[in-house]
Amino acid sequence: MRPPVIFLFLLVPLFLLAEGTTKNTCLDCHSVLDGRAQRPALLVKNDVHTASGLSCSDCHGGDRTSDDPGGSMNPAKGFIGKPARKAIPKLCARCHSNPDFMRKFRPQQRVDQYELYQTSIHGKRLASGDENVATCIDCHSVHDIRAVKDPAAPVYPLRLPETCAHCHSDRQKMAKYGIPTNQFDEYRNSVHWNALKIRGDLSAPNCASCHGNHGAKPPQVESVAAVCGNCHVLFAQLYQKSVHEPIFSAASGGGGCIVCHSNHGIRQPTTAMLDGPKAVCSQCHDPGTPGANVAAQMAKWIDGLDSALKHSESVLARADKYGMEVSEAQVRLGDGRENLVKARLALHSFEPEQMKKPIEAGMAIANETLRASQDALHEKDVRRMGLAVSVIFIGITILAIWVLIRRIESNDAYRSGANAPAPK
Amino acid sequence: MRAKAANWLGERIDLNAVRELIEHKTVPVHSATRWYYFGGITLFLFAIQVITGILLMLYYRPTVSEAFESVRFIMTRVEFGWLIRSIHSWSANLLIFVAFVHMFSVVFTHAYRPPRELTWLTGIVLLGLMLFFGFSGYLLPWNQISYFATKVGTDVAASAPLIGPAIARFLRGGEDVGAPTLTRFFAFHVIILPLATMALIALHILLVQQNGMSTPPWLTASSVRQMRFFPNFFLRELMVWYCALAVLGALAAIFPWELGEKADSFASAPAGIRPEWYFLAQFYTLKLIPSHVWVFEGEILGILGFGLLAAFWVVLPFWGVDRAGAARARLVTGVGVLLASYLATFTVLGYVK
């Protein structure tokens with residue numbers, strides 16, 4: 001029996017209800033507008049909030065189901081239009097500081113961003129009425145906000161330095177704060193940039209690693225070593241106990257690691273930092289003074305071990321190229337390099353005695369592997385000499401056999417076949 | 001003194017058969033005589049393998065934790081260990097190459113004709129054993145390349161229809177290449193295969209002695225000159241063996257067989273992993289076959305194809321001759337040229353690509 005057609009009409013309210021929950025007249029209108037008015041409608045497709053089911057009215061208020069612009073953008077329905085710049089952090093915090101709300105979407109996400117922001121330079125200045133500072137949308141973008149782990153997000157680790165530089169490299173914008181604008185240029189010449197952008201190491205430090213993100217603030221003199229020590233743990237431990245720690249901490253213009261390594265433009269450390277015309281030690285220790293002499297001695301040790309290991313490595317590589325089995329020596333050379341790292345680490349105690357042990361151990365390994373590689377090369381020569389002698393003997397034997405064959409065959413008239421037995 | 005010793009021995013062992021063989025065995029002398037040497041070179045290289053293999057066994061330890069280290073010990077610490085291992089590895093490769101040359105020389109001189117069918121069959125089985133020798137020996141140093149090449153090899157075996165998974169499990173001693181595989185391959189390499197090979201070599205040589213050396217069909221056997229095997233041919237063969245020894249020594253001294261890195265089952269497979277050169281043609285062919293051909297899986301189809309080709313090749317003495325026992329020379333030569341060209345081309349392509 002066919003169901004009466006009238007029942008189909010009962011389904012109509014369900015369709016209308018379904019349309020009501022997904023209807024977004026904001027997008028319907030803005031997507032056909034031109035220029036700036038159309039932009040949000042285009043961008044919002046990539047927005048993480050859209051993907052989570054949120055819509056325009058969740059931030060801007062109003063009634064997204066109304067087809068009438070007067071209804072959809074009615075202030076009586078909560079429509080706020082473009083939020084005031086000063087109000088943006090609070091607007092975002094309505095959801096992002098609400099653990100119950102955030103739990104529905106990202107249970108693991110922190111909800112203290114707004115609190116941290118208020119402690120930051122940006123937050124404090126905004127609160128004091130300076131709208132020139134960064135708010136949420138300056139870093140996370142607006143309408144096309146992406147998750148931090150999205151490589152296209154402006155706060156993705158590989159893109160973050162450029163995002164910060166957007167304002168901090170802007171001389172005009174920074175002029176009234178009296179802060180430099182060369183941080184990004186310096187950072188781009190640093191080992192950290194090299195690790196982050198060239199090697200693509202997402203764990204390499206970007207701006208937020210040292211300055212924080214929502215609670216962004218420059219590390220003060222007393223906290224620089226602690227900041228660097230987050231990653232360079234052992235270096236920081238040695239430095240904290242060193243003779244230089246109290247002296248550097250008292251220095252003006254930033255102390256700790258910065259005194260020798262600078263801050264944003266940290267280069268690959270070399271022994272030129274210890275000794276020579278560009279030595280950072282010479283900023284305080286005049287040439288010929290005990291401090292300068294110790295620094296020169298340390299540089300000599302490190303250079304000596306480095307070049308001994310490199311020499312050993314090159315001779316080993318030659319032996320390896322000749323097919324000699326030198327894998328044990330190559331592994332041992334790795335131990336030597338480890339000692340070089342340990343010596344460079346021990347340098348941060350600024351006590352030569354602490355450096356001596358890894359330097360001596362490293363030199364012993366360098367000599368041992370050099371001997372192994374030289375032995376391998378000598379062995380290669382011996383093998384080839386042995387081969388040459390063997391080939392000569394084999395050649396003589398072949399010749400002797402040939403003479404024997406000739407002698408036999410000249411006697412048994414082999415050539416005529418007369419002496420050969422008849423085939424079977 | 002010599003006569004006295006011969007008499008003493010003669011009273012205890014009947015040496016007439018040996019004396020008969022030495023005095024009467026002959027080798028036909030014609031334009032293709034040089035191909036006769038390849039059987040002897042194969043035998044010589046096998047003897048080298050046995051001797052160097054026994055020496056290697058004095059130090060080799062067939063366990064996952066010690067195999068690589070023991071081979072490194074042989075290469076670096078044992079006096080002339082590098083030479084023994086390098087000769088063993090180079091000789092294994094030359095042996096397989098020479099065995100192939102020997103097989104094709106038999107094909108092109110049509111030496112498979114009656115009554116030499118069994119000689120051909122034992123020879124083909126011996127070639128298969130040599131390939132298995134190579135496959136099993138390759139894993140023994142337990143290095144990265146050999147580990148993953150064995151994985152690839154046993155994976156190919158696993159994809160054979162019906163019995164493939166069982167064969168792979170039998171070879172590996174489990175679901176994957178691991179400690180049981182090494183133990184099994186060692187047992188194959190040093191006990192099972194040598195015993196089987198030596199028995200078959202004995203049978204192969206016995207058959208050659210019984211049937212005499214084959215003369216190509218384009219010559220009339222009765223009109224071909226004969227050379228005495230002892231000492232004329234044997235001394236020439238000895239010269240060739242010395243040459244082979246010099247080549248082996250040169251390869252071992254100039255290009256010592258490398259050891260590589262120890263196998264790590266958790267590491268990713270090295271880029272461009274491929275089997276040894278003697279399996280490259282088949283490997284490359286399987287790579288070229290699409291994953292699905294009509295309703296069949298491409299790899300299964302390929303393996304079936306190789307199986308059929310191998311079976312067709314094994315029974316060559318039966319389809320390669322007419323009813324009168326004369327060689328179907330053109331057909332067999334054509335098929336031989338095709339097969340040799342295929343193997344050579346695809347081996348090179350498999351190596352290059």
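Reply: Two residues count as in contact, or touching, if their C-beta atoms, placed from the backbone, lie within 7 Å. With that cut-off, and in what is a predicted model, L248(B) touches I87(B), W90(B), S91(B) and L94(B), leaving aside residues up to four places away in sequence.

L248(B) belongs to the largest nonpolar core, which has 63 residues. Together with I41(B), L45(B), I87(B), L95(B), W142(B) and A244(B), L248(B) is among the residues that touch the most other members of this core. Several helices of chain B each supply at least two of its residues: helix 3 (37-57), helix 4 (67-76), helix 5 (81-108), helix 6 (117-139), helix 7 (144-158), helix 9 (179-211) and helix 10 (229-254). The largest share, 14 residues, comes from helix 5 of chain B. Apart from this core lies another, of 28 residues, including I302(A), L316(A), A343(A) and M355(A).

As for the surroundings, 26 residues of chain A are in contact with 30 residues of chain B. On the side of chain A that touches chain B, helix 22 (327-346) and helix 23 (352-411) of chain A each supply at least two residues. Helix 23 of chain A gives the largest share of that side, 15 residues. By class, the side of chain A that touches chain B comprises 14 nonpolar, six polar and six charged residues.

Conventions. Residues are numbered from 1 along each chain as its sequence is written. Chains are lettered from A and ligands numbered from 1 in the order in which they are written. This is a predicted model: local features need pLDDT of at least 70, side-chain atom pairs count only at pLDDT 80 or more; totals for chains, interfaces and linings use all residues. Helices (H or I, at least four residues) and strands (E, at least two) are DSSP runs, numbered from the N terminus. Ala, Val, Leu, Ile, Met, Phe, Trp, Tyr, Cys and Pro count as nonpolar, Asp, Glu, Lys and Arg as charged, and the others, Gly among them, as polar. A nonpolar core is a set of buried Ala, Val, Leu, Ile, Met, Phe, Trp, Tyr and Cys residues joined through C-beta atoms within 7 Å. A residue is buried if 20 or more other C-beta atoms lie within 10 Å of its own, exposed if 12 or fewer, and partly exposed in between; C-beta atoms are placed from the backbone.
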